[in-house]
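This report goes through the fold of one protein chain, part by part. Please keep the sequence and the model at hand while reading.

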Amino acid sequence: MESFDNLNEQALNHLFVGMSNTNDLSMEGGPTILKEGKGIYVWDQEGNKYLDGISGMYFRNIGYGREQVAKEIYKQLSKVSMNMYSAVTESTIRLSKKLSDLTPGNLTKTFFSSGGSEANETSLKMSQAFHNRQGNKGKYKVISRKGSYHGGTFGTMWLGSHPFLPRDEYQPVPLNVLHAPNPNPYRYEEIGANSEEECGEKAARAIEDLILFHNPDSISAVIGEPVAQPLGGVVPPLNYWPLVKDICEKYDVLLIFDEIITGFGRLGEWFGADLVNVTPDIMSVAKGMTSGYFPLGASIASLKIAKAFDGDKENSFKHMFTYSGHPGGTSAALKNIEILENEKLVFNAKIRGEQLKKGLNELKNKSKIIGDVRGVGLLQGLEFVKDKKSKESFPLEAKLGKKITEGLKKRGVWIKVSDYILPIAPPLIISSSEISDFLLILEETLKEVEKEVLL
Ligand SMILES: Cc1ncc(COP(=O)(O)O)c(C=O)c1O
């Protein structure tokens with residue numbers, strides 16, 4: 001019998017628990033300790049069962065408890081536990097070919113890493129090195145969008161601007177990062193637009209303005225999530241990404257899609273690139289590639305980029321991570337992708353997403369505080385407002401996020417809600433009745449919280 005004696009105390013004394021503070025953790029007696037998972041549910045050490053409404057952290061696409069994946073990892077690690085300097089294993093090669101087949105356009109050659117931040121770091125280095133190979137040594141600046149998130153490393157944290165991860169302790173801002181607006185159809189007037197279409201146009205032109213202001217000869221790449229999670233799954237206006245792609249091509253700037261959340265079926269398409277109908281020059285992926293069964297990330301380069309690194313030592317892509325292409329991770333990814341394919345989970349994400357969207361829109365009509373329902377597939381979100389007309393957000397003192405998080409938790413749903421965004425991203429295996437159950441719990445929770453905050 002497992003014993004959880006003193007584990008909470010040990011955690012409080014010895015463990016930094018990500019995205020938590022010690023006061024809250026102490027009040028709760030320590031972090032929730034997960035004991036078991038099956039399907040879309042997870043149980044904690046006290047036997048409480050939760051529907052995992054955010055797939056761990058947007059990665060558990062095939063759900064919990066898949067023994068086939070664990071067995072593949074075991075089989076691989078029992079034979080060869082890791083690649084060697086300049087030597088690789090079969091699953092690592094097979095996964096690179098599989099990624100080339102699955103991704104759109106001519107995305108073709110992969111550099112593996114251990115997670116999302118490393119994948120984005122790799123994609124950025126690859127962009128700059130590509131320009132160098134073309135003889136353009138001055139192209140080093142990167143344009144990202146406000147309100148996006150691309151990682152926690154010193155380099156990637158400055159891309160985008162996650163509202164809940166302020167970076168003021170980690171100065172100075174690198175001079176090579178420029179920030180453009182993130183088009184949000186719900187708040188198009190904030191960018192001076194009169195329609196969604198104009199919002200897409202203006203946000204894309206803001207990228208062009210930055211390129212021109214800083215001189216195209218200094219710009220290496222634009223990086224963005226096709227659908228941005230930190231803002232609750234904002235789907236940009238349809239004209240936005242095609243226009244950004246045209247602008248990038250015009251000024252010889254590479255387009256990097258951060259598909260770390262959006263990849264592997266979450267949007268009801270294999271990749272966000274399929275949804276927005278634009279193929280980037282480089283795609284960063286991680287999370288759903290293994291559904292969290294093993295840490296793995298990847299940067300997938302288009303043929304044009306890959307070719308630039310062909311040739312002798314001088315021309316090669318000079319970059320490495322010790323655990324690049326870990327065979328445990330690549331075996332897990334191959335099995336994970338097989339499951340996604342065999343169980344048609346990408347299609348499930350699409351139809352369950354439609355069901356969810358319909359239910360959320362019905363909730364919005366009944367609620368005084370849901371300003372917007374957004375997202376697609378199984379990456380959706382609600383934005384809360386104090387007043388639907390003015391779209392004013394609740395003040396922090398209302399503690400709206402905490403109240404909704406606790407209300408959901410006591411009813412058996414695990415979602416961390418911020419003060420104005422409720423993200424919804426369950427595993428792609430979720431069934432129709434489970435979506436209905438979730439919607440009922442959400443409705444009950446919001447009714448209770450609404451009464452409190454609108455007093
Ligand atoms: C869009 C996006 N990019 C990058 C990252 C960083 O990935 P990791 O935490 O695996 O380094 C995340 C993590 O949440 C993410 O959501």
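The sections below cover the basis of the model, its domains, its sheets and some local features.

## Basis

This is a predicted model, in which local features need pLDDT of at least 70 and side-chain atom pairs count only at pLDDT 80 or more, while totals for chains, interfaces and linings use all residues. Residues are numbered from 1 along each chain as its sequence is written, and side-chain values use heavy atoms, with hydrogens and water left out.

The chain is divided into domain 1 (32-62 + 344-453) and domain 2 (67-342), with bounds that come from an automatic or database domain assignment. Their C-alpha centres lie 27 Å apart. In the interface, 34 residues of domain 1 are in contact with 36 residues of domain 2, where contact means heavy atoms within 4.5 Å. The two domains bury about 2,800 Å² between them, 57% of it on carbon and sulfur atoms; buried area is the accessible area (1.4 Å probe) that two parts lose on being put together, summed over both.

Three salt bridges are found across this interface, a salt bridge being a side-chain nitrogen of Lys or Arg within 4 Å of a carboxyl oxygen of Asp or Glu. There are also 21 residue pairs in polar contact across the interface, both residues at pLDDT 80 or more. A polar contact is a pair of N or O atoms within 3.5 Å; within protein, one must be able to donate a hydrogen and the other to accept it, and residues adjacent in sequence count only if both atoms are side-chain atoms. On the side of domain 1 that touches domain 2, helix H3 (55-58), H12, S11, S12 and S14 each supply at least two residues. S11 gives the most to that side, with five residues. Helices (H or I, at least four residues) and strands (E, at least two) are DSSP runs, numbered from the N terminus.

## The three-stranded sheet

An open sheet has three strands in the order S11-S12-S14, with antiparallel pairing. Strands S11 (370-376) and S14 (421-424) are the edges, each pairing on one side only; two strands pair if DSSP finds at least two bridges between them. Neighbouring strands are turned by 15° against each other on average, direction ignored. Strand S12 (residues 379-384) pairs with S14 over four bridges, and Glu383 stands opposite Ile421 in S14.

Helix H12 (residues 345-366) lies across S11, S12 and S14 and runs at about 175° to S11. Axes are lines fitted to C-alpha atoms, for helices over the stretch in contact, and angles run from 0 to 180 degrees between N-to-C directions.

## The seven-stranded sheet

A second open sheet has the strand order S4-S10-S9-S8-S7-S5-S6, with mixed pairing. Its edge strands are S4 (107-113) and S6 (177-180). Here neighbouring strands are turned by 25° against each other on average, direction ignored. Strands S5 (residues 141-145) and S7 (residues 219-224) run parallel and are joined by three bridges; Ile143 has Val222 in S7 as its bridge partner.

## Charged pairs and backbone details

The salt-bridge count comes to 30. Among them, Lys350 meets Glu269 at 3.2 Å, N to O, and Arg94 meets Glu90 at 2.8 Å, N to O. Arg94 and Glu90 both lie in helix H5 (residues 90-102), four residues apart, about one turn of the helix.

The peptide bond from Gln171 to Pro172 is cis, with omega near -5°, and Pro172 is placed in the loop between S5 and S6. Met19, in the loop between helix H1 (7-14) and helix H2 (22-27), has a positive phi, near 55°, in a residue other than glycine.
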